[in-house]
Amino acid sequence: MSDAGTSRDWVVVGLDNGGTTNNATVLDASGRFLPDRMIESPSLVKEGPAVAIEAMVEALENVLKTTGTDQTTVRAVGLDTPGPATAEGVISSKGATNFVHPDWYGYDVRTALENRLELPVVYSNDGNAAALYAHHVHFGALSPERSSLAVIIGTGLGAGLVESGRVIRGAAGMAAELGHVSIPLDGLLEADQPVPRCNCGLSGDAESFASLTGIEKNLLPYWLTRYPDHELARAESLAKAARLVRGYGERGDPMARRIFEQQAAAIGRLFTIASNFTDPHAYFLGGGVVEAQPQFRDWYLASVQRYTALREEQARVARFALVPDRDMAGARGAALAALDMVGPP
Ligand SMILES: [Zn+2]
């Protein structure tokens, strides 16, 4: 690490753009994050891109002020948003869960922010940003010599693949769209269980099991037929009930544990595919489960590991871990991607 004077000569800013909030961070040239907590502000995404871009500028100005950083020292900005979007930060022309305002369809958010700030903006999708952050925290100085895979379980299943310390983006920016990889179903489903369906049109892909949507549309409706007297059978809607399943799991509820065990088995099968494909040094798990009660969280991670069929040689070197700092992972990963682009001082 360089001395404090040199390391603060220039910085990069990380902006994590979410459905309701922006989270911002500052990363100095030595790789140190200046704020050690969340710096949040409203994202105003629902009001369309014109308003949202100004909200991003405000988030940036706010984090610079909070950390006592001069704006002239900012060399680049890392931005991450939920997808689907291209590698260059063009939001899908069909819209996206977070970007419902029609002005977002096909909107080039990276270029718009770059033009507004007159600074280079490096775009990452939120799965890639979290993956990059997990990789750097886990491997530290060894990051450039290590590879990892992260899956983030939220409304959908996000993922990111890091090789030699850098995110694999792919030709069209769609590398590591692991949610829509079909997994072997043999022995995974109960005899009378329908094959889960995904919003993407596939049946039996990873996201159809391992996502909040998968619980709501597939796992919970089936498992309620096996536990018809369960309290969640009387919930107002499946959407509301799905959000409560984790809490039941934390309390050891048998049905919730069956649901999460099936989800863990699906992720294990996905990791098994990855082990035959890129054979990463580490498998990371992120999303809401990171915040779960420790005993449940550890059981879930151990279940995923148990269902991942590694060869003996792989099992000796591979690590399974959680994505740290769930709420800050996006902003910090976006900042790391920007630092990587502008390079060492
Ligand atoms: Zn899918």
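1. The model is a predicted one, in which local features need pLDDT of at least 70, side-chain atom pairs count only at pLDDT 80 or more, and totals for chains, interfaces and linings use all residues. Residues are numbered from 1 along each chain as its sequence is written.

2. The domain assignment, which comes from an automatic or database source, gives domain 1 (4–119) and domain 2 (141–322), and the C-alpha centres of domain 1 and domain 2 lie 28 Å apart.

3. The protein has 11 helices and 10 strands, taken as DSSP runs (H or I of at least four residues for helices, E of at least two for strands) and numbered from the N terminus. Its radius of gyration, over C-alpha atoms, is 20 Å, close to the 20 Å that the globule rule (2.2 Å times the number of residues to the power 0.38) gives for 345 residues, so the protein is as compact as a globular protein of that length.

4. Of the 345 residues, 42% are buried, that is, with 20 or more other C-beta atoms, placed from the backbone, within 10 Å of their own.

5. Helix α4 (residues 126–139) and helix α11 (residues 329–342) have axes, fitted to C-alpha atoms over the stretch in contact, that come within 7 Å and cross at roughly 80 degrees. That makes α4 roughly perpendicular to α11 (65 to 115 degrees). The residues of this contact divide into 10 nonpolar, 3 polar and 2 charged, and among them are Leu 132 and Tyr 133 of α4 and Arg 332 and Leu 336 of α11.

Technical notes: A residue is buried if 20 or more other C-beta atoms lie within 10 Å of its own, exposed if 12 or fewer, and partly exposed in between; C-beta atoms are placed from the backbone. Axes are lines fitted to C-alpha atoms, for helices over the stretch in contact, and angles run from 0 to 180 degrees between N-to-C directions. Angles under 35 degrees count as roughly parallel, over 145 as roughly antiparallel, 65 to 115 as roughly perpendicular and the rest as oblique. Two residues are in contact if their C-beta atoms, placed from the backbone, lie within 7 Å. Ala, Val, Leu, Ile, Met, Phe, Trp, Tyr, Cys and Pro count as nonpolar, Asp, Glu, Lys and Arg as charged, and the others, Gly among them, as polar.
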